[in-house]
Amino acid sequence: MHDSPRVSVETSLRVREVIERLGYTPNALARGLSMRVTHTIGVLVISISDPFWGEVVHGIEDRARRDRYAVLLASTDEDVDKERQALELFRHQRVDGIIIGASSAGPGVAGDRQPARLPLVFVNNEHLPTSIDTPIDREARVASLIATDDRQGARLAVEHLIALGHRRIAYIGPPDRASSIRRLQGYRLAMEAMGAVLDESLVMSVGEGANHGELAAFRVLARTPAPTALFCYDDMTALGALRAIRALKMRVPTDVSVIGYDDIPLAAYLDPPLTTVSQPMNEMGQQAMSILLDVLRGDSEPRTIVLGGELVVRGSSGPAPA
């Protein structure tokens, strides 16, 4: 079955004929246990319906497939207990390693029961303080952290709006998500660096999703004077904001400009197409899997990789109204 040179061609053919006649399939899990590897990895994300995580998982699967690894996927809905339950399930399935997307608990989610040799790779770790700002704790059994530079991405977005003449720029995003906190920091840095007036009443702390973006846009656009531009935590938030703007009979970008974050596939097909900060989502997934494979092959050094974002200018941003 493994093309061993110690088996004659005649015997090999006879065995294969029997396999085909019986419809036999080798038990990959049993074989993996005997070899102490299962060629299976666990992937844990906060939501399988979020387009961002869908693209990251796609990248993981693409890279895993090339090395004949199977992927077990679980979602947590940002529930720490669900994270722990999923990790327990992965342990029972004897996965070789785990990729965790936006863990709410951070490296500590693995707990003391985490096998010492089971590597973890975090993507966009939401634990504060983030491992982007502080060295990875080698005792936490973290293989690596993959993330993007949220502050720099936010600065690109806000500087673009300021260059278009906007000065009253609102930020819409969740108050307790680490990536949102970093994007808000980038927003403030850009406003201060360009000499724009920073009005804290234009910072809208809301939940995630299009519905929260819509409600926040209604509230902030009711202010006097109203902002002329909205910088949104992500593209789904921006999608809700666009709906609110249409309901208010305002025009994008003539009356108000909108910028999102992530560059999900839908962003280019909105009306108008959404200006956004593109995150290399597929690349993040591929790199996470590549690093995990390196660790499984003997490279045990933790790594932090921070990828850059890119401003993608489309039709939703334009000059500030006169």
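Tutor: The secondary structure comes to nine helices and 12 strands; these are DSSP runs numbered from the N terminus, helices being H or I with at least four residues and strands E with at least two. Residues are numbered from 1 along each chain as its sequence is written.

The predictor's confidence in each residue is called pLDDT and runs from 0 to 100. Its mean over the protein is 85, and 85% of the residues reach 70 or more. Over residues 128–141, pLDDT stays under 50. Where pLDDT is low, the predicted coordinates should not be read in detail.

The protein has 322 residues, and 47% of them count as buried. Buried means under 20% relative accessible area, exposed means over 50%, and partly exposed is in between, with a 1.4 Å probe and protein chains only.

Now for the rings. Rings of Phe, Tyr and Trp (its six-membered ring) pair if their centres lie within 6.5 Å; planes under 30 degrees apart are stacked, over 60 edge-to-face, and the rest tilted. By this rule there are four aromatic pairs. One of them joins Y171 and F231, whose centres are 5.5 Å apart; their planes meet at 55°, so the pair is tilted. This pair links distant parts of the chain, since Y171 sits in strand β6 (residues 169–173) and F231 in strand β8, 60 residues apart. Y171 counts as buried because its relative accessibility is 1%, and F231 is buried too, at 0%.

F231 also pairs with Y261, again in a tilted arrangement, with 6.5 Å from centre to centre and 50° between the planes. Here too distant parts of the chain are linked: F231 in strand β8 and Y261 in strand β9 (residues 257–262) are 30 residues apart. Y261 has a relative accessible area of 0%, so Y261 is buried.

To put the picture together, Y171, Y187, F231 and Y261 form one aromatic cluster.

Notes. This is a predicted model: local features need pLDDT of at least 70, side-chain atom pairs count only at pLDDT 80 or more; totals for chains, interfaces and linings use all residues. Side-chain values use heavy atoms; hydrogens and water are left out. Contact means heavy atoms within 4.5 Å.
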